[in-house]
Structure formats: C-alpha cells, structure tokens
Amino acid sequence: MDETQVKIKEFLSRFLKSHDLQLDEDIFALGFVSSLLAMQLVAFVEKEFGIQVEDADLDLDNFRSIRAISDLVARKSAPATA
Amino acid sequence: MEIRKVGVVGAGVMGVGLGQSLAQTGHEAVLVDVSDAVLQRAREEIRQGLRFRGLFQKGERREDSETVLGRITFTTDLAALADVDFLIENVPEKWEIKRDLYPRLDAVCPERAVFAVNTSCISITRVAGLTGRPDRVLGMHFMNPVPLKPMVEAIRAFHTSDETLETARQLLRQMGKDCIVVGDLPGFVSNRILMLTVNEAVFVLQDGVATAEQVDQLFKTCFGHKMGPLETADLIGLDTILYSIEVLYDSYNDSKFRPSPLLKKMVDAGLLGRKSGKGFYDYGIGR
C-alpha cells in the first residue's frame, strides 16, 4: 500500500473491530459502513487529501475499497487537463 | 388506483427514512411533526441521505437531490394531510401520544386513506379502535434505514380488510419493497423473537458463559447471521432494547421476558451502545 492507501486504511480501521482490512476488500460488503460513517469518510478524504468530492463522485464504485478511494483521490488531485 | 401522495407523521429517524424513500421513488410526501426544529433537521438529514444514496444503492437511476427533496412538504400543520392517499404514522412509541393523535388524523384525512401504524410493539387493533376506520388501519413495521431495507413486517389487526392489505402492498411495490403479513400480538414476530434472543445473550454474558465476541462470532459463523445479537443490541441502543423487553414482559405477563439485570445495569451506567460510544463493545469517543 502507498501512503494514501495506508492513511485510508488507518481511518477505516478505527471503525473495524480487529479486522485487517485488505486493499481490494469491499468495505460495504463488510456491513460496517453506516450512512453516518459514509459521511465521515467523505469528510475525511476531502480534508486529509485536500480534494473536493462532488455529488456525482458519491458513487459506490469510488468508495468500495481502499484502492477505489485512493484512485479517486489520485484522479481528483491531478491537475485539470481540459 | 395509484398511490401518489403519502402523509408521514413524526419526523424522527423513521420519518426521515420514509420521507427519503417515498420521494426517491417518485411519491409526493407530506412530513408532519410538532416541532419546526425537528422538521429542519429532518430536511437536512434527507438532503444528506439523498446526496449519499449512490454509495448504498447501486444501479438506481439517480435524479438530482434537490428535485427529489422538492417532492416533500415539511409542515407542523396536520391540515396538510387533507388530500393524502395513504398515511404512515411514526410518532414516539407512547400510547398517550397515539391516543391523542389518531382521532385528529381521522378527522383531517380523506375517508379512503389507509392508516399504517409504524410501530414495533404497540397493538394495532388498539390503535385502530381510536379511529372510525378500523378496517383501513394496519401495522407496517419498517426497518431502519428505510431506503435500504426491502422488506416490511406488515400486521393485520383484528378489523384490517383484505383491500387495506392490498393497498399497503401496492404502496410497497411502488417503493420497491415487499412485506410479510403477520398477526397482531405484542412484538409481532421480529421484535418478540429478537428481543428475547438479545436478552438471553446478555444473560449468557452475565453468567460468564462466553464473551460478547464469542457470542456474536457463533451467530455469524455458525448460523450465517450478518451480525450477532450483542452487536445488534449496540446498534439498536441498549435503552431501546430494555424498553422493548419490558413492554413484552408487561404485555404477556410471562416471566420469560424478564430483562437481564446486567442489561438494566448497563443502561443505568449510560452504556447504551454505538450512540453513547460504548455498549457491549467500545466504539471510541462518540459515534
């Protein structure tokens, strides 16, 4: 895991009782993500990585796993090309 | 007849979930509460719920959140229910509140409107007796969070007609849900069994037979449950569990529903589960 992924894992692990979360593990399938935690997660990602998550980004595919979230962070952090 | 406009009375957790669920499936909803502050919070929670729904509901056509929110009227005026096709009531689980409310709903709502009592414990037959339309009253025990739970425990009270059950099924179909119809005795099916299970799990803990982790692990790995009974209790709130088991105890006058002394002690100590940060498990500070 890279630095971003480690930070995401650390955040999520605070809500998991003794479970070693893997890079591609579906966090929603684990059943611990409440609507409240989803909001906390988005707020964390915005603050920690200095990105703006738009309503259109709030999709399962962007938040499903540590890798998905880090991919979103990378996309949103890249300088705009168009 | 298509059900277009649905009244929702009580804008707490269930009212918020119902408002969102109805609006995002294209219904007009009238959300009524006695408090403007509660309605304000409900609007904000529904807005957040709509914004984040893409994280929980895959593949659904997603309309703009503000458009969906626009289908909900937030009001403290019961008169706004004068043209609803269907009404779902979720005020607190206190008999006195329901006793005062139902005659007023009966007076203001159209003759044809079906009343659904969204409760986990109060007798539907008793509530129906407060109205002049007992054949058009049924119980609908929605599960939390409402937008994500596809199944509802529906309760046929003593006078509930077949037409009323069909109308309720139709509304649920329109909302992308279904129901299981059961009879009207305290706790119905889900709470009667769940509360007894949770309470016995606390006795097991109290008696030193197993740890909370062991109890929950057994249910998950041996029975394939998604959550164990003690995790579930932490999620629901230990105060709610205690209140529910006490209601069952009083209703059946049966000692099998006596609450575990450990459960009472934990509630007295403020260990209420996730909402207080600690219950059978430690959730850190706050939620």
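Helices (H or I, at least four residues) and strands (E, at least two) are DSSP runs, numbered from the N terminus. With that in hand, welcome to a predicted model, in which local features need pLDDT of at least 70, side-chain atom pairs count only at pLDDT 80 or more, and totals for chains, interfaces and linings use all residues. Residues are numbered from 1 along each chain as its sequence is written, while chains are lettered from A and ligands numbered from 1 in the order in which they are written.

**Chain A as a whole**

- Chain A has 4 helices and 0 strands, and its pattern along the sequence reads α-α-α-α.
- The pLDDT (the predictor's confidence in each residue, from 0 to 100) averages 87 in chain A, and 94% of the residues score at least 70.
- Within chain A, confidence is lowest in helix 2 (residues 35-49), with a mean of 88, and highest in helix 4 (residues 66-77), at 94.
- A compact globule of 82 residues would have a radius of gyration near 12 Å, and chain A agrees with its 12 Å; the radius is taken over C-alpha atoms, and the globule rule is 2.2 Å times the number of residues to the power 0.38.
- Taken along the principal axes, the C-alpha atoms of chain A fill a box of roughly 45 × 25 × 20 Å.
- Of the 82 residues in chain A, 18% count as buried; a residue is buried if 20 or more other C-beta atoms lie within 10 Å of its own, exposed if 12 or fewer, and partly exposed in between, with C-beta atoms placed from the backbone.
- Two residues are in contact if their C-beta atoms, placed from the backbone, lie within 7 Å; among the contacts in chain A with a separation of 6 or more, 57% are between residues 24 or more positions apart.

**Helix 2 of chain A**

- A:Ala38, A:Leu41 and A:Val45 are the buried residues of helix 2 of chain A.
- They cover an arc of only 60° around the axis, so they sit on the same side of helix 2 of chain A; the arc is that of the directions from the helix axis to the C-beta atoms.
- On the other side of helix 2 of chain A, the exposed residues are A:Leu36, A:Ala43 and A:Lys47.
- Helix 3 (60-63) and helix 4 of chain A are among what covers the buried residues of helix 2.
- Just after helix 2 of chain A comes A:Gly50, with a positive phi of about 60°.

**Where chain A meets chain B**

- The contact takes 12 residues from chain A and 13 residues from chain B.
- On the side of chain A that touches chain B, helix 2 and helix 3 of chain A are the elements that give two or more residues.
- Helix 2 of chain A gives the largest share of that side, 4 residues.
- The residues on this side of chain A divide into 6 nonpolar, 2 polar and 4 charged; Ala, Val, Leu, Ile, Met, Phe, Trp, Tyr, Cys and Pro count as nonpolar, Asp, Glu, Lys and Arg as charged, and the others, Gly among them, as polar.

**Helix 10 of chain B**

- Helix 10 of chain B has 15 residues and reaches 21 Å from its first C-alpha to its last, close to the 21 Å expected.
- Its buried residues are B:Leu238, B:Ile241, B:Leu242, B:Ser244, B:Ile245 and B:Leu248.
- Seen down the axis of helix 10 of chain B, these buried residues fall within an arc of 165°, so they line one face of the helix.
- They pack against helix 7, helix 9 (229-236) and helix 11 of chain B.
- B:Ile241 is buried, with 28 other C-beta atoms within 10 Å.
- Not counting residues up to four places away in sequence, B:Ile241 touches B:Met195, B:Val198, B:Ala233, B:Ile236 and B:Leu263.

**Backbone details in chain B**

- B:Phe188 lies in the loop between strand 8 (178-183) and helix 7 (190-206) of chain B, and its phi is near 50°, a positive value in a residue other than glycine.
- B:Phe188 counts as buried because it has 22 C-beta neighbours inside 10 Å.
- B:Asn253 also has a phi near 50°, but counts as exposed, with 7 C-beta neighbours inside 10 Å.
- A cis peptide bond, with omega about -5°, joins B:Asn144 and B:Pro145.

Terms used. The expected span of a helix is 1.5 Å times one less than its number of residues.
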